[in-house]
Every structure is written in structure tokens, then in C-alpha cells.
Amino acid sequence: MNYTITSVELDSKNRKRYLIYVDGRVEPALSIHEDLLIRYRLFKGTELSPEAVADIIRDDNRYRAYALAVYYLGFSPKTSKEIERYLTRKELEEESIAYAIERLKQEKLIDDADYADRFARSRVRAGGKGRLLIKQELTLRGVDRRTADSAVANIDQEAEQSAADRIAEKRWRSISGESSDKYRKITQFLLRRGFPGEVVRRAVKRAMKAAEAELDDDDSVWLDN
């Protein structure tokens with residue numbers, strides 16, 4: 001049995017959505033976005049089959065998922081998994097979520113590989129973190145293992161070493177105690193930050209040598225005076 005639209009009213013709670021009433025009923029049969037109102041020509045007197053109603057509901061759910069995802073992306077770049085989790089919390093259907101993510105991929109609004117590369121470089125440069133911890137963070141954000149591996153493999157080794165060197169030198173100056181204690185504490189700290197063992201060893205040795213050289217310079221100045 002077909003339905004006949006008897007009234008179309010603007011939704012007072014959302015001015016981009018419209019309430020569709022059919023067959024003189026008091027309660028609206030549909031709530032849809034204005035774009036779909038135009039696309040399906042949903043005006044007073046229009047007849048709708050049950051199949052057409054199902055199509056409209058499906059497309060409206062897809063549109064809502066896409067619009068919410070774009071809004072979410074407006075705050076900062078996201079992985080496809082982060083968007084999926086966000087839309088799931090909004091209690092959207094799996095089909096609508098899948099549609100939104102696929103459309104965003106086609107429009108290049110989400111790209112997990114590009115996101116992972118940018119994230120990895122940023123974490124080394126500004127976050128002072130090593131590749132092992134960065135890989136964990138990417139995984140937590142829903143990046144698949146192969147993409148995460150590729151991203152950390154692309155990290156500039158000199159940039160990673162420089163980041164570890166800066167941290168080691170700074171902490172060497174701020175930590176009190178014997179050199180052996182400093183060496184151990186800074187080594188453990190850098191390992192927790194995800195830097196590979198060889199990078200850590202070089203960084204701590206350089207920090208120790210820099211501190212010894214600075215101490216020798218101070219002693220020379222004192223003896224000269």
C-alpha cells in the first residue's frame with residue numbers, strides 16, 4: 001500500500017531537516033535532510049511506496065553518517081577506524097557507517113597511510129617519541145599493522161636520533177646523582193619513550209660525554225684563574 005504525503009514541515013529542532021506526514025496522520029512518518037527532500041521531490045500530494053520509503057530512510061541514514069564524519073574530521077585528521085568508532089557511538093547502522101567511510105576515502109578526506117606518515121614524523125619531531133611507541137599509538141588509533149610498520153620504517157633515522165639526543169642531554173642536566181645512576185635512569189626513560197636500543201645507547205653516551213666535556217672546561221677555567 002502506498003502512502004500519500006499530506007504535510008511537510010520544517011523541523012523546529014534542526015532547521016536543515018523536514019518532517020514528512022502521510023495520510024493525515026498526527027505523527028510524522030519521516031524526518032529527512034533538506035537535500036533528500038529535494039532529491040526525492042517529497043512535496044504535498046506525492047505518493048510513496050513502501051520500497052521508496054525504505055530507500056529514503058537508507059539514504060538519510062547514510063547522509064547523516066557522512067555529515068557527522070565530516071564534522072568530526074573538522075577538529076583534526078582521523079583514521080578510518082576512529083571515524084568508525086565515533087559513528088558507532090552515535091548509534092548509526094553499520095551499513096551507513098561503511099558508506100560514509102568509503103565515500104570519505106574516495107574524496108581523499110581520510111587516508112590512513114598518509115595519516116600514519118604525518119603522525120609518525122610529528123611524534124618524532126615535536127613529541128620526542130621513538131618508533132616503537134609511535135607504532136603502538138598508531139595501532140591504538142586503528143591503523144592496521146602493515147600501514148603502521150610502513151610509517152615507522154619511513155621515519156628519518158637522523159631525526160629520531162636527534163630527538164633522543166636532546167632528551168638525554170636535557171635529562172642528564174636535570175637528574176642528580178652519580179653518572180651510573182643517570183645513565184640507567186635516562187636509558188630506561190628513553191626505552192619507555194619507544195626509542196630503539198641502539199639509538200638509546202648512542203644518545204646516553206653522547207649526553208654523558210657532553211657533560212664530562214663541560215665539566216673539564218669548567219675545571220680549566222678554575223685552574224687558569
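The following dialogue works through how several descriptions of this predicted model are reached.

Student: How many helices and strands does the protein chain have, and in what order do the elements run?

Tutor: The secondary structure comes to 10 helices and four strands, and from the N terminus on the elements run β-β-β-α-β-α-α-α-α-α-α-α-α-α.

Student: Why is histidine 33 called buried?

Tutor: Buried means under 20% relative accessible area, and histidine 33 has a relative accessible area of 11%, so the term applies. This residue has its place in strand S3, residues 30-33, and, leaving aside its neighbours within four places in sequence, histidine 33 is in contact with Lys16, Arg17, Asp60 and Tyr63.

Student: What percentage of the residues in the protein chain is buried?

Tutor: Buried residues make up 36% of the 225 residues in the protein chain. As for the accessible surface, its total is about 14300 Å², of which 48% belongs to carbon and sulfur atoms.

Student: How do you know that the span of helix H4 agrees with its number of residues?

Tutor: Helix H4 has 13 residues, 94-106, and at 1.5 Å a residue these should span 18 Å; the end C-alpha atoms are 18 Å apart, and therefore the two values agree. The expected span is 1.5 Å times one less than the number of residues.

Student: Which residues of H4 are buried, and why are they said to be on the same side?

Tutor: The buried residues of H4 are Ser96, Ile97, Ala100, Ile101 and Leu104. They cover an arc of only 130 degrees around the axis, and therefore they are on the same side of H4. In general, an α-helix has 3.6 residues a turn, so residues three or four places apart point the same way.

Student: What covers these buried residues, and which exposed residues does the face turned away from them carry?

Tutor: The cover over the buried residues of H4 includes helix H2 (50-73) and helix H3 (80-89), whereas the face turned away from the buried side carries the exposed residues Glu94 and Gln106.

Student: Which residue with a positive phi follows H4?

Tutor: H4 is followed by lysine 108, and the phi of lysine 108 is positive, near 65 degrees.

Terms used:
Residues are numbered from 1 along each chain as its sequence is written. This is a predicted model: local features need pLDDT of at least 70, side-chain atom pairs count only at pLDDT 80 or more; totals for chains, interfaces and linings use all residues. Side-chain values use heavy atoms; hydrogens and water are left out. Helices (H or I, at least four residues) and strands (E, at least two) are DSSP runs, numbered from the N terminus. Buried means under 20% relative accessible area, exposed over 50%, partly exposed in between (1.4 Å probe, protein chains only). The arc is that of the directions from the helix axis to the C-beta atoms. Contact means heavy atoms within 4.5 Å. Accessible areas come from the Shrake-Rupley method with a 1.4 Å probe; for residues, only the protein chains shown count as cover.
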